[in-house]
Amino acid sequence: MTGFALIGLAIAAVAVLLALVIWGRVPAFIALIMVSVATAIISGIPLAEAVSTVTDGIGNTLSSVIVVVGLGAMLGRLIEVSGGAQSVAQYFTDKLGRAKVAAAVSIAAFILGIPVFFDVGFIILAPLIFGFAAVAGINPLRLGLPIAGILMVVHVALPPHPGPVSVAELMGGDPGLMLTVGLPIGAVTATIGFLVARFYKVDGVKRDKSPAEATPLEDNASAPGPYLVMGLILLPIILIMGGTTGAMVLEDGAAKDFLGFIGASPIALLIAVVVAWFALGMNQKWSLEKSSGIIESALPTVAVIIFVTGAGGGFANVLVESGIGDELSTTLTEAGLSIFVTAYLLALALRAAQGSATVAMLTTAGLLATPAAAAGLSSIELTMVMLAVGFGALGLSHINDSGFWIVTKYLGLSVKQGIMYWTTLSTIFSVTGFIITGAVYALV
């Protein structure tokens with residue numbers, strides 16, 4: 001199968017998947033496996049390879065997600081059961097007032113998201129989202145949705161995240177200039193997206209229970225202090241930041257290797273969990289057995305997230321291996337549009353086709369590297385094109401994106417609600433970033 005038939009197959013596969021999950025009430029994990037295998041066979045992938053194509057995608061996705069989600073859930077569970085999330089939320093609400101809490105948390109998310117991957121940042125912040133929402137008496141979606149969008153803006157637009165750094169490398173751009181220009185553009189994009197999200201009518205939305213708002217095992221006589229909890233939350237972020245900074249500024253050697261090791265997301269989260277295990281355990285006078293039970297209780301609550309995220313990776317891999325992504329790339333690059341518009345639309349199409357924002361960015365950058373070099377762009381113009389790639393990869397987050405499942409499951413949303421709220425909001429952030437970047441591109 002070639003040409004537009006492949007694109008039509010991708011659209012049909014997504015439509016069938018949505019119909020199965022939303023109207024057929026088929027569990028998302030089963031629906032994703034069924035549609036993935038069927039799509040692989042119909043697209044022409046040999047029967048002998050159809051299953052391995054799906055399972056390889058599941059394995060690749062889980063290899064990067066399962067440890068982060070598991071450890072992040074453990075850290076969140078310890079903070080939640082101890083009453084730590086409520087403690088921090090109450091402290092800042094008393095200091096800032098209820099009206100300023102949402103803006104303050106969103107600003108913190110933008111800053112903290114710079115050195116931290118999207119999924120890690122969101123999982124770490126999830127308990128605080130529910131803690132602040134409970135104290136302020138608002139629906140958690142009022143905080144969770146814009147914070148997820150803000151973290152995605154940082155993830156696709158700002159070095160040292162792997163997507164922007166790789167785009168700069170492939171297209172011959174300057175990561176430092178991309179960070180310098182991207183910071184104000186990203187900040188304005190995040191602010192507009194945050195304001196738009198406030199108009200979402202979510203107060204009456206019925207949600208499933210989130211693993212970040214699990215009922216504590218027992219009432220706590222006194223919650224841990226806010227500074228202890230904030231220290232535990234910042235610990236993995238600081239470690240990751242140290243690893244990222246070391247990779248950029250240090251020469252090869254033991255110091256760089258050590259910072260890179262403890263700054264790897266799984267190790268940083270593991271350290272944070274162990275520290276929280278003992279620090280909160282002593283603070284709450286838990287026995288080691290009780291602390292271990294609390295940690296282990298986090299895993300069943302995120303099992304669905306892990307399984308469904310893996311299945312989404314399987315579906316995404318089928319879309320890639322079938323050639324659907326290549327067909328979209330060819331169609332758009334031959335459309336005769338300006339390189340700036342092509343960069344955005346190509347990244348957006350690839351994001352919708354295969355799910356991963358980083359893969360969409362790398363593929364787009366690889367395809368446009370030669371045309372960009374031939375166009376004789378100035379360094380600032382090239383930076384605008386690179387940012388257009390990033391913002392294109394931000395939008396249309398849906399069922400083949402692991403981030404879609406992390407956001408929706410942690411916020412307690414159904415697939416239909418996820419499409420309604422998160423897919424649309426991610427696209428609003430995407431279009432907003434593209435428009436702002438386009439305005440700067442026109443000026444320079």
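I began with K285, which is exposed, with a relative accessible area of 74%. My cut-offs: buried is under 20% relative accessible area, exposed is over 50%, and partly exposed is in between (1.4 Å probe, protein chains only). This is a predicted model, where local features need pLDDT of at least 70 and side-chain atom pairs count only at pLDDT 80 or more, while totals for chains, interfaces and linings use all residues. Residues are numbered from 1 along each chain as its sequence is written, and side-chain values use heavy atoms, with hydrogens and water left out.

K285 sits in the loop between α12 (265-284) and α13 (288-296). Helices here are DSSP runs (H or I, at least four residues), numbered from the N terminus, and strands would be E runs of at least two. I looked up phi for K285 and found a positive value near 60°, in a residue other than glycine. I noted that most residues other than glycine have a negative phi.

**L396, another positive phi**

I found L396 in the loop between α18 and α19. L396 is not a glycine either, yet its phi is positive, about 55°. With a relative accessible area of 30%, L396 is partly exposed.

**Helix α18**

Next I went to α18, residues 379-392. Its 14 residues reach 20 Å from the first C-alpha to the last, close to the 20 Å expected. The expected span is 1.5 Å times one less than the number of residues.

Is α18 enclosed or exposed? Eleven of its 14 residues are buried, so α18 is largely enclosed by the rest of the structure. Among the buried ones I listed L382, M386 and V389.

What do the buried residues of α18 pack against? I wrote down α7 (141-157), α8 (162-171), α9 (175-197), α16 (339-354), α17 (357-374) and α20 (415-443). Contact means heavy atoms within 4.5 Å.

**α18 against α20**

I picked out the pair α18 and α20, which pack at an angle of about 170° with axes 9 Å apart. Axes are lines fitted to C-alpha atoms, for helices over the stretch in contact, and angles run from 0 to 180 degrees between N-to-C directions. The two helices are therefore roughly antiparallel. That label needs an angle over 145 degrees; under 35 is roughly parallel, 65 to 115 roughly perpendicular, and the rest oblique.

On the α18 side I found E381, M384, V385, L387, A388, F391 and G392, which meet S430, G433, F434, T437, V440 and Y441 in α20. By class, this contact has eight nonpolar, four polar and one charged residues. Ala, Val, Leu, Ile, Met, Phe, Trp, Tyr, Cys and Pro count as nonpolar, Asp, Glu, Lys and Arg as charged, and the others, Gly among them, as polar.

**Salt bridges**

How many salt bridges are there? I got two, taking a side-chain nitrogen of Lys or Arg within 4 Å of a carboxyl oxygen of Asp or Glu.

One joins R351 and D401, at 3.1 Å from N to O. R351 lies in α16 and D401 in the loop between α18 and α19 (402-410), so the pair ties together parts that are 50 residues apart in sequence. R351 and D401 are both buried.

K256 forms a salt bridge with D252, and the closest N and O atoms are 3.1 Å apart. K256 is partly exposed at 21% relative accessibility, while D252 is exposed at 70%.

**Helix α16**

I finished on α16, where 13 of the 16 residues are buried, so α16 is largely enclosed by the rest of the structure. After α16 comes G355, with a positive phi near 95°.
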